[in-house]
Amino acid sequence: MSTPMPQPCRVGVGSPRVWVVFRGEAELWWLRLLKPGFRHCFALLHDGRHWVIVDPLSPFTDVSVLDLPAAFDLPGWYQEMGMAVAVAPVRRGLTRPAPWAPFTCVEAVKRLMGLHAPGVLTPWQLYRRLTRSARAA
């Protein structure tokens, strides 16, 4: 008997997607130098049954599988809480390594998405990149 392969995170039909949530809180003093509202980011994934949060924090990366109804609009909930949310495709099948960069929340989320964007270093730059891509599509 073979073990079923895990399915990529997706909602409905189509390519896997990730929702990136941007927060303004800054527990580390130097994060206060970043644009208000865009001082940290984390990712939401959905596999059709479960919401998964990947939150790359300074001391560790927190991964949580939430016990929510499958149809719960978690990105919408974060937007209602006043946070910016951007959706992006998850790119797989890349063969080139990602460019070297310091390990930050932005870099962790970019790696999760498969986004190779060496000039994107801050949460604000990532938000602009994702929303620009969404407007162009």
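Biologist: How many salt bridges are there in this one?

Modeller: The count comes to three salt bridges. Keep in mind that this is a predicted model.

Biologist: Which side chain does Arg-23 meet in a salt bridge?

Modeller: Arg-23 pairs with Glu-25, with N and O 3.2 Å apart.

Biologist: Which residues are linked in a network of salt bridges?

Modeller: Glu-107, Lys-110 and Arg-111 make up that network. Glu-107 meets Lys-110 at 3.1 Å, N to O. Glu-107 also forms a salt bridge with Arg-111, where the closest N and O atoms are 2.9 Å apart.

Biologist: Where do Glu-107 and Lys-110 lie?

Modeller: Both are in helix α2, which spans residues 105–113. They are three residues apart, about one turn of the helix. Arg-111 lies in α2 as well, four residues from Glu-107, which is again about one turn.

Biologist: Why does that spacing matter for which way residues point?

Modeller: An α-helix has 3.6 residues a turn, so residues three or four places apart point the same way.

Biologist: Is Glu-107 buried or exposed?

Modeller: Glu-107 is buried, because its relative accessible area is 5% and the cut-off for buried is under 20%. Lys-110 is buried too. Arg-111, in contrast, is partly exposed, with a relative accessible area of 44%.

Biologist: What else is Glu-107 in contact with, leaving aside its neighbours within four places in sequence?

Modeller: Setting those neighbours aside, Glu-107 is in contact with Pro-99, Ala-101 and Pro-102.

Biologist: How many residues of α2 are buried?

Modeller: Seven of its nine residues are buried, so α2 is largely enclosed by the rest of the structure. The buried ones are Cys-105, Val-106, Glu-107, Ala-108, Val-109, Lys-110 and Met-113.

Biologist: What follows α2?

Modeller: Gly-114 comes after α2, and its phi is positive, near 80°.

Biologist: Let's step back. How many helices and strands are in the chain?

Modeller: The chain has three helices and five strands. Along the sequence, the pattern runs β-β-β-β-α-β-α-α.

Biologist: And what share of the chain is buried?

Modeller: Buried residues account for 38% of the 137 residues in the chain.

Biologist: What about contacts between residues at least 24 apart?

Modeller: Take the contacts between residues at least 6 apart in sequence: 45% of those join residues at least 24 apart.

Biologist: Which residues form a nonpolar patch on the surface?

Modeller: Leu-28, Trp-29, Trp-30 and Leu-33 do. Together they have about 500 Å² of accessible area.

Biologist: Where is Trp-30 in the chain?

Modeller: Trp-30 is in the loop between β1 (17–23) and β2 (40–46). Trp-30 is partly exposed, with a relative accessible area of 42%.

Biologist: Changing topic to helix α3. Is Thr-131 there buried or exposed?

Modeller: Helix α3 covers residues 123–136, and Thr-131 is found in it. Thr-131 is buried, because its relative accessible area is 15% and buried means under 20%.

Biologist: What lies 3.4 Å from a polar atom of the Thr-131 side chain?

Modeller: That is the backbone oxygen of Arg-128.

Biologist: Now the confidence. What is the mean pLDDT of the chain?

Modeller: The mean is 85, and 85% of the residues reach 70 or more.

Biologist: Which elements have the lowest and the highest mean pLDDT?

Modeller: Among the elements, α3 has the lowest mean, 86. Helix α1, residues 74–80, has the highest, 96.

Biologist: And where does pLDDT stay under 50?

Modeller: Over residues 1–13. For that stretch the model has 15 contacts beyond four places in sequence.

Note on methods. Residues numbered from 1 in each chain as written. Heavy atoms only, no water. Patch = residues over 30% accessible without salt bridge, like charges linked within 9 Å, V, L, I, M, F, W, Y side chains within 5 Å. Areas by Shrake-Rupley, 256 points an atom, 1.4 Å probe, with all protein chains shown as cover. Salt bridge = Lys/Arg side-chain N within 4 Å of Asp/Glu carboxyl O. Helix = DSSP H or I, 4+ residues; strand = E, 2+ residues; numbered from the N terminus. Buried < 20%, exposed > 50% of the residue type's maximum accessible area, 1.4 Å probe, protein only. Contact = heavy atoms within 4.5 Å. Polar contact = N/O pair within 3.5 Å; in protein donor to acceptor, adjacent residues only side chain to side chain. pLDDT = per-residue confidence, 0-100.
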